[in-house]
Amino acid sequence: MSELTNFLALVVTAMVPYVFASQGTMLSGRAGVFNVSQEGMLTLGAAVGFLVSLKVGSNAAGIIAAGLVGALFGLVLAAVTTYLRLDQFVVGLALFFLALGAASLLYRVVIGVTMSPPLIPLLQKWRIPLLADIPVVGPVLFHQDPMVYLALIGSAALWWFLFRTDAGMRLRSVGENPKAADSLGINVASTRLWTGIVGSALMAIAGAYLPMVYSGTYTDGMAAGRGWLAIALTFFGGWRPQFIVAGAAFFAGMEVLALRSQVAGIGIPHQFVAMLPYVATLLVMIFAFRWARVPAFLGRNYDRESRLVG
Amino acid sequence: MTSGAAIRYRTGSALRALAPYLAAIVAAFVVAGVVIAMLGHDPFVAFRSVLTTSFATSFGLVETFTKWVPLTLMALAFAIPLGAGRFNIGGEGQLILGATAATAIGITLSGLPMPLLLPLGLIAGVLGGGVWAGIAAWLMSRFHINEILSTVLLNFVSFQLLDYIASQVWPDVGAGFPATVKVGAGAMLPTVGRPALHIGVFITAAVVVIGAILMRRSAPGFELRAVGINERAAKVHGIRTARIAVGAVIVGGMAAGLAGAIEVAGVHGNLLEGIQSNYLLLGIIIGLIARGSVALVPFVAFGISILEIGASAMQRTAQVPAELVLIVEGLILLFLLLSDVLATRWQRSGRKRPPRPATARQATGRAHAGPDSITAMEAQP
Amino acid sequence: MVSNAAAAGPDPAAALRPAGGQSPVLRMIDIRKSFGTVRALDGVDFDVEARQVHGLLGGNGAGKTTLMNVLYGLYAADDGRIEIDGARVSIRSPRDAIAAGIGMVHQSFLQVDTFTVTENVVLGAASGSFRTNLAPAGRTIAELSDHFGLAVDPTAVVGDLPVGVRQRVEILKALYRKAKVLVLDEPTTNLTPQEVDALFGSLRTIVDEGMSVILITHKIRETMAACDVMTVMRDGRRVTTVCREDTSPDELAALMVGDTVELEDDETVMAAAMGAADVTRTAMHTAMHAAMHTAPPAVTHAVPHREAGPAPRTSHIRIENVSASNDAGALAVHDVSLELGRGEIHGISGVAGNGQTELAEAITGVRPMSAGSMTLDGTHLAGRATVEWLEAGVVYVPEDRQRDGILPSASIAANLLLGGHRRFTRFGLIDWSRARAMATDVISEYSIRAPGFGAAAGQMSGGNIQRMILARAFRRQPRLLLLHNPTRGLDLASTQFVYEQVRRAAAGGCTVVLISEDLDEILALSQRISIIYSGRLVSTIDRNNADPYQLGRLMTGVSV
């Protein structure tokens, strides 16, 4: 495998957590729920994904369990912001702490303190017949683990759902003008609930992927800012699934570049190369924030009987 | 209103203000107790060590106050920008930059005498934190980049910067992990008493008192809170909102920078990996539990310090993992938010009857208590 | 006939009922609704017959919109029942209301700005397939639009459409859902007289097709022009229901205002409420009276402002070639020039969204001018910080009180300080005891109904909030006072209060610029009237020569 192919294949793998977390942010944001607990969801997802995979002996079980735990957090966020109209940022931060604490605690309770942490097997790569033999494109796109395929196909499905179906149109209207949606009989509360739940589940799944492709185990802080970067990516991707995938490639590219030049040693201190993804994101946001068309009701709570709104 | 009624009103409102806190703390401990019991430990043994360790020995008390310093300053780093409606999640980076600046002064000028070197180090720390926050503030005002994201991303940059300085610039090769050599003796904070308590505690107390007075009474403090409550109205009424917001974020960064400088000058004596501990999270939790009120921050911070010091004791005596405490703190915050909403709902349903004047006033005062609302301030003597 | 349906006299709606004893299309019985301690609806009965335009008339706060929001499922009633075609229905959400055949056009349009007309219309309606297919819906909408004379392009993005068209999109939404009863909430607020006529024509077609229309309004002229039957509401109660033939504007006005409310100057207020031009004219003389002695000489002909007669003798504010951009960066105010005399009340009238907000903000120092200049008694203000404008005596009472006017969670005292807070400092710190004393004075002087200076401003009613904002404005002793829609959403007493204060300020030498979408208000207060159309002042007219229809043509750019 050539150096370039190898690099691109790594980038595609590194994209997966960004795609899942960012599509989750986008989905609930499209219904007006802005979840800022990504970093916590990723961390908790990683812990749950690792522990369940270890105990059950199946990575799939780990991913599903992580999704369920994420869904539970999403339910709490969506419910207290929708029904009790608590501030979304504050609740998101509170859930972020809870998730970090829960992740650490679970690991400590199940594994304890040990010098040689147990490992889970990494995800197997699936070879797509014929397509995998295409030069460069084959090994990069068609010889990957199943989560890569799920991320890409899921993103396409999400785009189709949001922009080509009635249900998707209704969902988008809730994030743009919930009062209008409500006046047309669209159930604003249930839309916010289910997108909040699915969104958080996707973030936790993004986290569960980390121990399954990189380390084989869980460590505190292994999300390494990917959750926050995913929020930035959502703006960068203009709150549209297709551009989020493109943006994820850029973010993943930065990550892999930083990692590889660290190993290769290119003359400048590796710490400065490791800063690259974060600095690049800051620079990119200068343009992305001007460009992004944010859902009009993002981060706000809807009160049907409020006499002040509209 | 007669003075008697006024006094009754004040005690009444104090009780009303405390009730949600008590309810939230009790609820969080109940949940934690259930979790501890499910893990097969005795919740009462655990709680006893969590709550009493700080007061059992003078060593515990000094440890608690030592922890209180960075927690209070980091909570200010979050709460002051929050007053202006800005979320500073970059306290970690600002603390690291403050610690780095203080260390740089302490190492490079290590020969200077204490009366010169110590203030220089602390000032460098404050400026370091301010500059780091200033980057985010500049991106916010110049390019409208969400400050939550920019401050967080700068945290990750600062970790690499710390690693570089501790392992390349002034490395202490014998440490076994990234750490710099020690600063000069003149850069260290004097201590009082035995066990020793560094005087950063008094510096922090002074910062809090001055900060609270300025927030409540000064014109810029008024403007800051006006921006936080309604930025558009503030702008229409002649307040330079962009300047206020930028200033609030930078002042927050300065508080975090001071925390970093004091950690170096009072605790570690050098810059080392992990110096930021989990102070960012705790600072945010404290700031939110205090509802952004600078005057409340030191008290909440003290409570959280007790929990944090008690956590490790709990792990020793009751074998309950210390990580549980972070969950307890998160739950206190969540339950506090919930109890606010419930209290407002009860008041609303209670108000269907024609209210007496005094209760009506309490109701209006409490119902909208946002972060450090001017109402809350006005209601106090 | 059910006895409780006619609490106030015989039921005239029954007289119009087709023979055969059919029940009304809609029947609301004993509806009750409270918000906190405020009883918004106190046992209201309301019947609507088929093929009728039924006016729901009342002042602000009478409960008209609340009643209709209950009907549409936006508010949950505390008590009462609703019958459609004689059968009881349970309406818990708009979904139920739509299913029951109710359509509602809200005062603020409930539309998704980024969607097209078709998308907005079909949104939420069952299409029968999961995949979106907008083509057949688009055709249906085009047909409906043609049939009812609505002239709407189904493929346009609604965010780009003018107000009048957006309102017709709302009507299309109801028609598309085959509503039996169409409710319109103050539909004429932002329309020109011509558009109002067209709207009433469409409503006539709609009832001729067998539907019923409920028209919520506080303007008597409109009910007389468009309605077959009208129900008058006051203080959350139905006062009476009358046929158009059996009543007169004067009687309706008396019913609306009631006997219990004492008004010192009710002629003006009534005139504004009635919107009858001839009545307004009388009221206008009263209005002018207060400020007359300082008023500038009248400009006698309707002429574009560039040629507009001689400048007022005591010219005091000079606005020259001012341009300004909106928040999106597009030029919203073009080359506006005005000269204003001391004590003049100058009305600026226009259809909403023609640059009024940008103009207001540009000439009060809130929004930077992209070109032009402004002087106040020779002092140049353009390009200075907002705070310097404030210090020069320019005071702005913004249209959106909640958004731009107050700190909702802050105390009344803090709100009264806002803007002038630096004057209340001692040794660099704000002197709160002086501020509280000032607030106590203001609360009694301006009859603000509040528990005390420490109460949160956002908890007060709209009328009291506006009183507080005006108190703050007048305490600054302004030299230029700019008011934008100052009485929107206020009850009659507060409206009257605002008019009085404005006249008093003008009599004291303050120049007042009144930007309002309420033509009757402009006619009632102003001495000269400028018309704003797409960011330009297209004409400046003396009040005495103003004709509502001519103003309407100018407001829509039909004639310049």
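**View 1. Chain A: contacts along the sequence and overall fold.** In chain A, 78% of the contacts between residues at least 6 apart in sequence join residues at least 24 apart; two residues are in contact if their C-beta atoms, placed from the backbone, lie within 7 Å. This is a predicted model, in which local features need pLDDT of at least 70 and side-chain atom pairs count only at pLDDT 80 or more, while totals for chains, interfaces and linings use all residues. Residues are numbered from 1 along each chain as its sequence is written, and chains are lettered from A and ligands numbered from 1 in the order in which they are written. Chain A holds 13 helices and 2 strands; helices (H or I, at least four residues) and strands (E, at least two) are DSSP runs, numbered from the N terminus. The C-alpha trace of chain A spans about 60 × 45 × 40 Å along its principal axes.

**View 2. The side of chain A that touches chain B.** Here 33 residues of chain A are in contact with 35 residues of chain B. The largest share of the chain A side, 14 residues, comes from H4(A). By type, the residues of this side are 27 nonpolar, 5 polar and 1 charged (Ala, Val, Leu, Ile, Met, Phe, Trp, Tyr, Cys and Pro count as nonpolar, Asp, Glu, Lys and Arg as charged, and the others, Gly among them, as polar).

**View 3. Helices H8 and H10 of chain B.** H8(B) (residues 219–229) packs against H10(B) (residues 241–268) at an angle of about 100°, with the axes 10 Å apart. The two helices are therefore roughly perpendicular, a label for angles of 65 to 115 degrees; axes are lines fitted to C-alpha atoms over the stretch in contact, and angles run from 0 to 180 degrees between N-to-C directions. Glu223(B), Leu224(B) and Val227(B) of H8(B) meet Thr241(B), Ile244(B), Ala245(B) and Ala248(B) of H10(B). Because 9 of its 11 residues are buried, H8(B) is largely enclosed by the rest of the structure.

**View 4. A cis peptide bond in chain B.** The bond from Arg194(B) to Pro195(B) is cis, with omega near -5°. Pro195(B) sits in the loop between strands S1 (191–192) and S2 (197–198) of chain B.

**View 5. A positive phi at Lys178(C).** Lys178(C) is not a glycine, yet its phi is about 55°. With 10 C-beta neighbours inside 10 Å, Lys178(C) counts as exposed.

Methods
Parallel < 35°, antiparallel > 145°, perpendicular 65-115°, else oblique. Buried ≥ 20, exposed ≤ 12 C-beta atoms within 10 Å, placed from the backbone.
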